[in-house]
Amino acid sequence: MRRLMKREAFIIFGLLAITVAAFWEAGHCGFINFDDPGYIFYNPHVTGGLSAANFTWAWKTFYQGNYLPLTWLSLMLDATLFGPGPHGFHWVNLAFHTANAVLVYLVFRQATGAVWRSALVAALFAVHPLRVESVVWIVERKDVLTGFFWLLTALAYLRYVKELRWRWYAATLALFAATLLAKQTLATLPFMLLLMDYWPLGRWRKGPAAVSLDAPPRRSLPQLIVEKLPPLAMAAAIIAVTIRAQASTGSIADIHAVPFADWLANVPVSYALRSGVRDFLRRPLSPEDVRQLLGRMERFAAHPTTSIGKVVALISNKGGVGKSMLSVNIAAELGRRNPGQVLLIDASLQMGVCASMLDLEPTTTLTDAAHQRDRLDQRLIRECRSRTPPACTCSRARMTRWRPRKLTTRLFPA
Amino acid sequence: MQLARRAYDLVLVDTFPMVDRVMTAILDLTDVIYAVTESTVPTARSTVKLLQLLDQIGIPSMRRRIILNRHSSFAGNLRAADVASRCECAIDHVIPYEKKLLIAANLGRPLILDAGRFSSFGRAMRPLIEEIGKPRSPSNPEMFAPQDRRPDSAVSRTIRLTESVLDDSPVAPPAVKPPSKRIKKA
């Protein structure tokens, strides 16, 4: 028994070690330009961390055409614990992938009874190049998270098959619900469970015998299918929600929107893509991708790059002479006259006060921009800034009376 | 900074009072530098040193302006002419002290947005704001008049985009007109 425990510990620690060693560099990477901006660092709900309002938002939103409440909550928790920088997200992605590698081993070992073969499968899963996208790309938190719950679902199901107790069936359903709320790709899980019933569990009466030593009681196919009806109903419900979420961003086109001749014309293009042309594309472009690219081009066109702006600096030899006060007033007035054309940079790296003078709470700072210097472009600069509130740029209401209540709120925020 | 100036018509930098690598890089890219001083002897004396330092690091005087901030006229305080004399240069703008500035800072709303026609602060700030808001060079007269921007064809936009990517040459020094109201040094 002790020897078996030692072997288990050796395999699990081995899996942990090779996974962490293979993906160690990921923890030091930054954000990338694809989806990370929209999902993470320009999403105030994620960077704002876990709060009651953001919690509600996560359960209600179809943001970016997806319904991913558990993924949002997980990202918010990371932002709360480690801040809005990229490293916390990366390390948590790696932690989930490491846990997944161990879970793969446990699922295969329990299902087949084979120890070293299961360990080999888990090791291949841990360091397989196909996993890189899911682990290193922060947005793919949904992938590692749903995988985590999916493997836990499989473990709970194996336990249910072994003990045939309803509490393990309930646990299977609960974990499957979590899987679907992290990402909807694994709605196919009921079919996977049916396949597991066929092999390696050997539950189908007419199928092969169980691979594992402790064989479960055999059932007829209708019995096995009835057993899968509740998870199938859950999958159907989440598919309906997903279609609604995708439709909310215009990602699902009406079948009559494109003439039949165009569908036919698209056939050779699809073949071309499948026969190697897609090497030039990351993947077949989705309407959402095209929309984002066009939006970006439109924004560039609205601000032609040849118009070189004027740079003005306010300097002094000592602090406390009112530089920030002047900067804020000049920027506010010129910003009011030319909306969206004035950028105020508070280069006081030690302790800037411009944001406070404008009643702003910036979510990104110069340090964040410096971290992203390799991919800094005009769009990123525009999205890094804190917009002045409408009261500053539009309203011209006169400040005629003292407002001690607002002052107290600013000095001692609730 | 170069990217920022391509994205915005005006980039205003509020610096930290320390000359380091960051500050030097900012000053190199800046079209106009406004040195802010006060009407107290220690600040005026330190401004002299700052201007000397700017001379030593090669910032030409034509790119510099002096702002006398939070100025009050009362017995015992320095006059603008006194500060100009000590600095051995003209004071370009005198911004008066106003109690409402403190209230504005506390409320997080710039006073200029609420400064009326008769506000001394508003009156003093307007020439400064007009000066800063002027286009950077005559070659780009459309700046700060986006509503007047002529419609642009896709071809010309593409050509200009390509040129801007290929063109990495440094930006020519600005042609800033001298301010209209300069207080002569005593």
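Let's start at Lys310(A), which sits in strand β1 of chain A. Residues are numbered from 1 along each chain as its sequence is written, while chains are lettered from A and ligands numbered from 1 in the order in which they are written.

Is Lys310(A) buried or exposed? Lys310(A) counts as buried because 24 other C-beta atoms lie within 10 Å. The rule goes like this: 20 or more other C-beta atoms within 10 Å of a residue's own make it buried, 12 or fewer make it exposed, and anything in between is partly exposed, with C-beta atoms placed from the backbone. Along the chain, Lys310(A) and Val342(A) are 32 residues apart, yet their C-alpha atoms are separated by 9.7 Å.

Now look at the whole of β1(A), residues 310-315: six of its six residues are buried. On one side you find Lys310(A), Val312(A) and Leu314(A), on the other Val311(A), Ala313(A) and Ile315(A), so both faces are covered.

What does β1(A) pair with? Two strands pair if DSSP finds at least two bridges between them. Five bridges join β1(A) to β1(B), residues 10-14, and the two run parallel. In that pairing, Ala313(A) stands opposite Val13(B). β1(A) also pairs with β2(B), residues 32-38, in the parallel sense over four bridges. There, Leu314(A) stands opposite Tyr34(B).

Step back and you can see an open sheet of six strands, paired in parallel, in the order β2(A)-β1(B)-β1(A)-β2(B)-β3(B)-β4(B). Its edge strands are β2(A), residues 342-346, and β4(B), residues 93-96, each pairing on one side only. On average, neighbouring strands of this sheet are turned by 20° against each other, direction ignored. At one end of the order, β2(A) and β1(B) pair in the parallel sense over five bridges, with Leu12(B) as the bridge partner of Leu344(A). Helix α4(B), residues 80-87, packs on the sheet and touches β2, β3 (64-71) and β4 of chain B. Contact means that two C-beta atoms, placed from the backbone, lie within 7 Å. The direction of α4(B) makes about 140° with that of β3(B); for such angles, axes are lines fitted to C-alpha atoms, for helices over the stretch in contact, and angles run from 0 to 180 degrees between N-to-C directions.

Chain B has seven helices and four strands, running α-β-α-β-α-β-α-β-α-α-α from the N terminus on. Of its 186 residues, 32% count as buried.

The expected span of a helix is 1.5 Å times one less than its number of residues. For the 14 residues of α5(A) that should be 20 Å, and the end C-alpha atoms are 20 Å apart, which agrees. The buried residues of α5(A) include Leu70(A), Trp72(A) and Met76(A). Among the helices of chain A that the buried residues of α5(A) pack against are α6 (86-112) and α9 (141-163).

Helix α6(A) holds Trp91(A), which counts as partly exposed because it has 16 C-beta neighbours inside 10 Å.

What about the nonpolar cores? A nonpolar core is a set of buried Ala, Val, Leu, Ile, Met, Phe, Trp, Tyr and Cys residues joined through C-beta atoms within 7 Å. The largest has 64 residues, and those with the most contacts inside it include Val107(A) and Leu151(A). Its largest share, 13 residues, comes from α9(A). Apart from it lies another core, of 55 residues, among them Val311(A), Ala7(B), Leu12(B) and Ala115(B).

How far should you trust all this? pLDDT is the predictor's confidence in each residue, from 0 to 100. Chain B averages 74, and 73% of its residues score at least 70. Over residues 138-153 of chain B, however, the pLDDT is below 50, and it stays under 50 over residues 168-182 of chain B too. Where pLDDT is low, the predicted coordinates should not be read in detail. For the complex, the predictor gives an ipTM of 0.73 and a pTM of 0.49.

Definitions and conventions:
This is a predicted model: local features need pLDDT of at least 70, side-chain atom pairs count only at pLDDT 80 or more; totals for chains, interfaces and linings use all residues.
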